[in-house]
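The structure is shown first, and the description follows.

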Amino acid sequence: MPELGVVHSFTVTFIVRRFNPETDQEPYWQDFDVEMYSTDRVLDGLHKIKWEQDGSLSFRRSCAHGICGSDAMRINGRNRLACKTLIKDLDITKPVYVEAIKGLPLEKDLIVDMEPFFAAYREVQPFLQSTSKPDKENIQSPEQRARFDDTTKCILCAACTTSCPVFWTDGQYFGPAAIVAAHRFIFDSRDEASQVRLDILNSKEGVWRCRTTFNCTEACPRGIEITKAISEVKQATISGVRR
Amino acid sequence: MKLFRFDRLAWIFMRVSGFILIALIFTHLTVNLMQDGGVKAIDFAFVAGKLANPFWQWFDVTLLWLALIHGSNGMRVVVNDYVERTGVRRFLLASLVISTTTLIVLGTLVIFTLDPCPVGSPSDLLPSFCPAG
């Protein structure tokens, strides 16, 4: 009779793209075999590698619950949060490939320099701008709030921007995340700087570089309809903002 | 609002010309390849006959301009997306402008000036439907 209450473990092979800027000329792939349970996530696998096999493995993670957006990485060729990717959803008869997100300068192992990403984010002025100082609360109807609800969900993990083939080529394109951040305020009825943001995005490296490949929408761990948001910004530069 | 931003105009042009091109191309294919004997009916006389009609002249010239500009603008976008070296990119974009302009000028010239039976040509070079001269 099989023992009751026993949770079975199995071996998962991770192939991680390693890079140490102090010793390596080029990144290389390294295999790790890890004992895991079907309830584990890819992040748990990386923890086990770091804590039990190779302490030099470097990656970012903070909350480990899909909110902070620190651990976006390329898992089996797709941009995912390691903390939201369950082992049971992957085909573990094959190795699990883990590498850093593409298009941003690689610093070490799974860590990239996020500064170009945040520079584009800052450029679209992602904050509420209002000149009036009302005496009472600034009222917004549920319908007006719903207009930009989807784009409030962004956690700035960069999974979308680093899945975009246009961003990969030269990194000059603002990228999906910055446009999502702009969308969040362009369609906010309380904001007064929509036109400024539209002028910023109505440029050579702005929304017109979007080729609607939907990579960003597929990559978003928050399920934001990013390509749709970009299209709405394109539409707004042509026919004005409809809030 | 920078209304005349080039990339914005190009984006709108691609959508508008795309819709028009669908109608033009399918009309072109139907008339040339399916009606009245289909593809076997196409010969020099068929083309000369069509280009003698002002309706088909303007139809063909619209198709020519829209298709070439639509296509070359698409190529411009591909070049800008994938060619990273500035020198190569400039060379390719310049080649694109020159070849497109040449094709548009030559095509327009042919559509409006085609004379299937030029006066004074040797009769063995003229198509059979030309009045013997």
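Among the elements of chain B, which has the lowest mean pLDDT and which the highest?

## Model and confidence

Helix α2 (residues 44–51) of chain B has the lowest mean pLDDT, 87, whereas helix α4 (residues 86–113) of chain B has the highest, 96; pLDDT is the predictor's confidence in each residue, on a scale from 0 to 100. Chain B as a whole averages a pLDDT of 89, with 95% of the residues scoring at least 70, and the model scores ipTM 0.74 and pTM 0.86.

This is a predicted model, in which local features need pLDDT of at least 70 and side-chain atom pairs count only at pLDDT 80 or more, while totals for chains, interfaces and linings use all residues. Residues are numbered from 1 along each chain as its sequence is written, and chains are lettered from A and ligands numbered from 1 in the order in which they are written.

## Helix packing in chain B

Helix α1 (residues 6–34) of chain B and helix α3 (residues 54–82) of chain B have axes that come within 9 Å and cross at roughly 135 degrees; helices here are DSSP runs of H or I with at least four residues, and strands are runs of E with at least two, numbered from the N terminus. Axes are lines fitted to C-alpha atoms, for helices over the stretch in contact, and angles run from 0 to 180 degrees between N-to-C directions. The angle therefore makes α1(B) oblique to α3(B), a class left over once angles under 35 degrees count as roughly parallel, over 145 as roughly antiparallel and 65 to 115 as roughly perpendicular.

Residues of α1(B), including F13(B), L21(B) and H28(B), meet residues of α3(B), including L63(B), H70(B) and N73(B), where contact requires C-beta atoms, placed from the backbone, within 7 Å. The residues of this contact divide into 10 nonpolar, six polar and no charged; Ala, Val, Leu, Ile, Met, Phe, Trp, Tyr, Cys and Pro count as nonpolar, Asp, Glu, Lys and Arg as charged, and the others, Gly among them, as polar.

## Contact between the chains

In chain B, 10 residues are in contact with 10 residues of chain A. The largest share of the side of chain B that touches chain A, four residues, comes from α1(B), and the residues of that side divide into four nonpolar, no polar and six charged.

## Strand pairing in chain A

Strand β1 (residues 10–18) of chain A runs parallel to strand β5 (residues 96–99) of chain A, joined by three bridges, and Y97(A) in β5(A) is the bridge partner of I15(A). Strand β3 (residues 72–75) of chain A pairs with β5(A) in the antiparallel sense over two bridges, with V98(A) as the bridge partner of I75(A); pairing requires that DSSP finds at least two bridges between the strands.

Definitions and conventions
Two residues are in contact if their C-beta atoms, placed from the backbone, lie within 7 Å.
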